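Subject: Two-chain model for you to look over

Hi,

Here is the structure I promised to pass on. Please open it next to this email. My notes follow below it.

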Amino acid sequence: MSEPLLEMVGMTKSFPGVLALDEVSLDIRAGEVHALMGENGAGKSTLMKCLFGVYRPDGGRIFLGGEEVSFRSPRDALDHGVAMVHQELEQAKDMSVSDNMWLGRYPRLIGGLPVVNERESHRRTREVLDSLGLNIRGEAKISDLSVGQRQMVEIARAVSFSPRVIVFDEPTSSLSDNEAELLFKIIAALKEKMCGIIYISHKMNEILRISDRVTVMRDGRRIATEDKESLTTDRIIRLMVGRELTERYPKIDTPPTDTLLEVRNLSTEYTGLSDANLTLGRGEILGIAGLEGSGRTELLSALFGLSERSSGEILLDGERIDNRNPTEAMKNGFAYLTEERRVDGIFSILSLTENTTISSLKRHRRLCFISEKGQTRATEDMMRTLRIKAPSAKEKIRSLSGGNQQKVILARWLLTEPRVLLLDEPTRGIDVGAKYDIYLLIKRLASEGCGIIVVSSEMPELIGITHRILVMSAGRVAGELPTAEATQEKIMTLSTKYL
Amino acid sequence: MGDNVSVNDGIFKKILHPLKKRFDDFRQLEPRDKLKRISALILDNAMLIIIVTAIIVIAILRPRFLSVASVINIISLTAARLPIALGIGGAIVLTGTDISAGRAVGLTACISASLLQSSGYLGKMFPNLSPLPPILVLLIVMLVGAVIGLINGFFVAKFKLHPFIVTLSTQLILFGAVLLYLQIGDNGGQTLSGLDRSYIDFVTAPLFKISGIAVPRYILFALIITALMWVIWNKTVFGKNMFAVGSNEAAATVSGVNVFLTIIGVFVLAGALYGVTGFIEGARIASSASYTGQGYESDAIAACVIGGVSFVGGTGKISGIVIGVLLLQIIFVGLNFLSVDQNMLYIIKGLIILLACAVDMRKYLKKR
């Protein structure tokens, strides 16, 4: 076996009251894909932040190619050939792909003069994009790209530095399957060039497919580092969770009853949804599959009154309803968990209590005044029911892990006692334990008679927890499958029907 | 010292114990980290340190600065400026601002004065109008302020214009309106004075006296308004919604908050509060003119920022605003005591705002 290219030894970091990293060691060999796994809050991000100099570790040493290093900032790391592709895209949205690629290191027109050589930067962008097989124009504005394309641009940028070590943080969470395939090709090419790759992901099949070794972390400690050959999904989950998880999905065994919601010929004015029809039974969990941009999110937001409808009608219990805006939709018993938690889900600087009760404030009103006690009680109840891990209800939501934040937003909607629950990627980017909790919750709500629509990019998840799956393609409903008969192949075929 | 602790166990638990723990933590740090900690502590509390130092220096140089008369003067000035600052505070919580506030104060002060000139006064703007009940005039100018706020809020909420642009425009419009208003009748742009006794008394009559120094009634107004605003911010659906919109407008929309009405509400409330400051200033200064209220908005914004209402949005406390206004007035009065040149005051104000904002933003820039 080759010498490690990057080695972290005994990394330790504590925050007030928490030991986030406890003597964690990790080594990456040249030409290896080393998967880093663990539930959210296990310490993966903290470890990476220590590597990149975002946090200063309390203890531990880092060696790159045998030499001890200590990066002061991500920029410093990059200068030493250690790059990171972030899950959270921080791009200049109104600038071009090319600008984003060369920002901070534009090719100059003449010598040292600070004048940008636009032609050269476009040429090099073309070169990078072509070499990776990306079908994106360098002149395109970032804001005109899909989330997946934006992620690919970020990957291209990292690769363009020709790094020795590259860290991917959940790169596929916003990629379509085709884009993910492309990424795996890129990773294979990087391996060829003897680049060391740290790959952080929650997706088991991906990990088992592309990685050489897997390190599992839990509670700030390294639990195991093993060769891929000796691992199975179940074993990884067991290592991550520290207990047996016999089933990945709870058994959905209560059948839906009569029709709760009916949508006829729903089209939107601007968001490209066209002529959608669906029915949802009381107690039914309806899955919506489709590629990124196929109109899944658009369907939910149209139902919730967030986008302008050009035609169609919505019937709840046989009666026509309008849902012209979220307030009206909520009055009709709708609730909507959005896809991008950080963008339109959480109020990051407000407390758990405020985040949990914002949609049901009126319940805590006595005369004109809000009872803070009532708010806190409701929040604490929810924290217990949903097993939200947080020091107290007063805590700011931004200090919670992704899974717990997601639970808080779910709690927000549960408190409105919804009849129709719209969930857009409810388990994206959250850990296995929290996922299972959320599945259980979905199951319970359905058995209580709530109608639930779940949009998800993870087909096993849809097949695991729904009664029926609706597949969308290019803004239209491409077909419908009873979950019992659904396979990933059938879903894929339908999702490309109108492309 | 020891007595205090035994008198109130709560103080020990709440303040001293955590302090001691922090000090113990601190002692275990490396010298380099210690230095960092100290400089961070100083920077985070820069405003407070500067102001406390200023008070001490001024009090040593001019002992009369801390006399009863001077203190009551400072509190009175604070009371007069509180309503406008409480109004602007809401706009800042929404990540906005309101630079039309000062002119709104000017207009409402002029309207208050014109409706309450004494009957016998020669240059009366409305010669045939006998003075109205002051409380009615207060309600009228609050309504005028609310309408101004409605216009501001409507353009911000409906067209998603930045409040800075909207209120920059209304600021100009209001200034024109004040100038035109002062042309009414035979007034010819003159300063409005000769106020009716009922108005002056309503606003400035002594509540009670402390060692012979009268405490004016408008301090009571300010207290009532502060209490009211505290309830609105902390205990109502509207208040909670305001913080939600300021923290994340998109999330607020999805959560079913009526963002449109919330924004309008904040500006209408602010406008009504400008009316209150206008009403108080009309009587307190007793001669209202086109320049009345000029620059009040910058004082109010500065007070909010000093008091921790951040331009990042979604954070702020009523108590912070009260402290901010008070601290700012202490500085202004103190500088007067030191006979600092009036022109110099503007420069100092500007520096204070800049420093306060920079210190505030440090909190959000922190990474490690």
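How are helix 10 of chain B and helix 13 of chain B oriented to each other, roughly parallel or roughly antiparallel? One caution before the answer: this is a predicted model.

**The helix pair in chain B**

Start with helix 10, residues 218–235 of chain B, and helix 13, residues 259–285 of chain B. Their axes lie 11 Å apart. The packing angle is about 170°. Angles over 145 degrees count as roughly antiparallel. Helix 10 of chain B and helix 13 of chain B are therefore roughly antiparallel to each other.

Which residues meet there? Helix 10 of chain B brings Y218(B), F221(B) and I225(B). Helix 13 of chain B brings L273(B), V276(B), I280(B) and R284(B). By class, this helix contact has six nonpolar residues, one charged residue and no polar ones.

**Chain B as a whole**

Chain B has 16 helices and two strands. Its C-alpha atoms fill a box of roughly 80 × 55 × 40 Å along the principal axes. The radius of gyration of chain B is 22 Å. For 368 residues, a compact globule would have a value near 21 Å, so the two agree.

Buried residues make up 42% of chain B. Now take the contacts in chain B with a separation of 6 or more. Of these, 76% are between residues 24 or more positions apart.

**Chain A as a whole**

Chain A has 17 helices and 22 strands. Its radius of gyration is 24 Å, close to the 23 Å that the globule rule gives for 499 residues. Chain A is therefore as compact as a globular protein of that length. The C-alpha box is roughly 70 × 50 × 50 Å, again along the principal axes.

In chain A, 48% of the 499 residues count as buried. Among contacts in chain A between residues at least 6 apart in sequence, 68% join residues at least 24 apart.

**The two domains of chain A**

Where do the domains of chain A fall? The domain assignment puts domain 1 at 4–241 and domain 2 at 259–495. Their C-alpha centres lie 31 Å apart. The two domains do touch: 14 residues of domain 1 of chain A are in contact with 13 residues of domain 2 of chain A.

On the domain 1 side, helix 5 (147–160) and helix 8 (233–241) of chain A each supply at least two residues. Helix 8 of chain A gives the most, with three residues. By class, this side of domain 1 has four nonpolar, eight polar and two charged residues.

**Where the chains meet**

How many residues are in contact between the chains? On chain A there are 26, and they touch 21 residues of chain B. Three elements of chain A give two or more residues to this side: helix 10 (326–331), helix 11 (341–344) and strand 18 (369–370). The largest share, three residues, comes from helix 10 of chain A. Mind the numbering: this helix 10 belongs to chain A, while the one in the helix pair above belongs to chain B.

By class, the chain A side divides into 15 nonpolar, five polar and six charged residues.

Best wishes

Definitions and conventions. Residues are numbered from 1 along each chain as its sequence is written. Chains are lettered from A and ligands numbered from 1 in the order in which they are written. This is a predicted model: local features need pLDDT of at least 70, side-chain atom pairs count only at pLDDT 80 or more; totals for chains, interfaces and linings use all residues. Axes are lines fitted to C-alpha atoms, for helices over the stretch in contact, and angles run from 0 to 180 degrees between N-to-C directions. Helices (H or I, at least four residues) and strands (E, at least two) are DSSP runs, numbered from the N terminus. Angles under 35 degrees count as roughly parallel, over 145 as roughly antiparallel, 65 to 115 as roughly perpendicular and the rest as oblique. Two residues are in contact if their C-beta atoms, placed from the backbone, lie within 7 Å. Ala, Val, Leu, Ile, Met, Phe, Trp, Tyr, Cys and Pro count as nonpolar, Asp, Glu, Lys and Arg as charged, and the others, Gly among them, as polar. The radius of gyration is taken over C-alpha atoms; the globule rule is 2.2 Å times the number of residues to the power 0.38. A residue is buried if 20 or more other C-beta atoms lie within 10 Å of its own, exposed if 12 or fewer, and partly exposed in between; C-beta atoms are placed from the backbone. Domain bounds come from an automatic or database domain assignment.
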